[in-house]
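Keep the sequence and the model in view while reading.

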Amino acid sequence: MAETGAESGVAQDIDINVPSVARIYDYALGGKDNYAVDREALAKIEETAPSTRPLAINNRRFLQRVVRVLARDYGIRQFIDHGSGLPTQDNVHQIAQSVDPDARVVYIDNDPIVLAHGRALLEENRNTVVIQADFRDTEGIFGHPEVERLIDFDEPVAALFVSVLHCIPDSDDPAGLVRRVADRLAPGSFLVINQLISEDAELRARITDFMDVSTRGNWGRVRQAHEVRSYFEGFEILDPGLVEISTWRPDTELGPKQLTDEWIEFGGVARKY
């Protein structure tokens with residue numbers, strides 16, 4: 001198959017032999033910024049979890065609904081998107097800035113292809129920036145000149161961790177990462193968190209092992225619902241609570257349905273007191 005999109009080479013340090021979580025997700029959404037190795041990885045995942053594509057689409061729609069609700073109903077004008085992935089339609093800045101053109105958005109990802117495409121997309125948008133960084137580096141991110149330029153941490157911020165915490169291992173303490181970020185946010189700020197979960201121990205192990213080997217360690221773990229709930233301790237969880245994310249304030253019944261539920265995206269939105 002001919003290489004398309006990103007495969008023509010937008011960044012010299014992209015390794016086309018190692019799957020990228022961002023590019024696998026792009027392919028699941030019907031994007032073109034992926035490589036054969038990413039497509040093969042998704043096909044392998046679907047052998048174990050055939051619901052993966054509708055799950056990815058519903059995850060993207062959850063992100064879009066959350067940003068719209070926070071901007072429109074709660075007046076949030078600052079967003080930090082940890083592990084943002086490749087740009088697609090109706091990105092965070094487009095939704096937030098449709099409510100208020102002065103809304104400010106910081107995207108963070110460590111995939112060089114995300115940086116290349118994001119910067120091209122945002123070349124003339126002074127209120128939005130893409131930073132190539134590991135989203136676990138809270139100190140480096142919050143001290144980055146572009147973050148300091150755009151984000152006023154004396155005002156409420158929405159910190160987004162949408163379908164990314166399963167990408168980091170337990171040794172990096174995802175709950176601790178969330179707390180480090182939350183500690184820096186003003187009262188009235190919001191946390192948006194969801195991640196892949198399964199109550200099937202065999203599936204959790206199979207996909208976790210496959211992704212860990214395939215991405216050469218750039219993976220964490222498929223977890224369980226109680227572990228995701230621990231991320232929200234001490235925060236006010238918005239209705240309808242922590243749920244399978246296609247049921248979080250749906251604005252249509254026309255979204256793709258998961259025909260199987262071997263794994264789901266689970267989470268919600270919480271406010272800092």
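In helix H8, the buried residues are Pro174, Ala175, Gly176, Leu177, Val178, Val181 and Ala182. Buried means under 20% relative accessible area, exposed over 50%, and partly exposed in between (1.4 Å probe, protein chains only). Contact means heavy atoms within 4.5 Å.

This is a predicted model: local features need pLDDT of at least 70, side-chain atom pairs count only at pLDDT 80 or more, and totals for chains, interfaces and linings use all residues. Residues are numbered from 1 along each chain as its sequence is written, and side-chain values use heavy atoms, with hydrogens and water left out.

Helix H2 spans residues 36–48. From first to last C-alpha, the 13 residues of H2 reach 19 Å, close to the 18 Å expected at 1.5 Å a residue. That expected span is 1.5 Å times one less than the number of residues. Buried in H2 are Val37, Asp38, Arg39, Ala41, Leu42, Ile45 and Thr48. They pack against helix H1 (21–28), helix H3 (52–73) and helix H9 (201–214).

Gly217 sits in the loop between H9 and helix H10 (225–231). Is Gly217 buried or partly exposed? Gly217 is partly exposed, at 40% relative accessible area. Its C-alpha atom is 9.2 Å from that of Ile168, 49 residues away along the chain.

Now the whole chain. The protein has 10 helices and 8 strands. These are DSSP runs numbered from the N terminus: helices are H or I with at least four residues, strands E with at least two.

| Property | Value |
|---|---|
| C-alpha span along principal axes | about 45 × 40 × 40 Å |
| Residues counted as buried | 53% of 273 residues |
| Accessible surface | about 12200 Å² |

Carbon and sulfur atoms hold 48% of that surface. Areas come from the Shrake-Rupley method with a 1.4 Å probe.

Among contacts with a separation of 6 or more, 74% join residues 24 or more positions apart.
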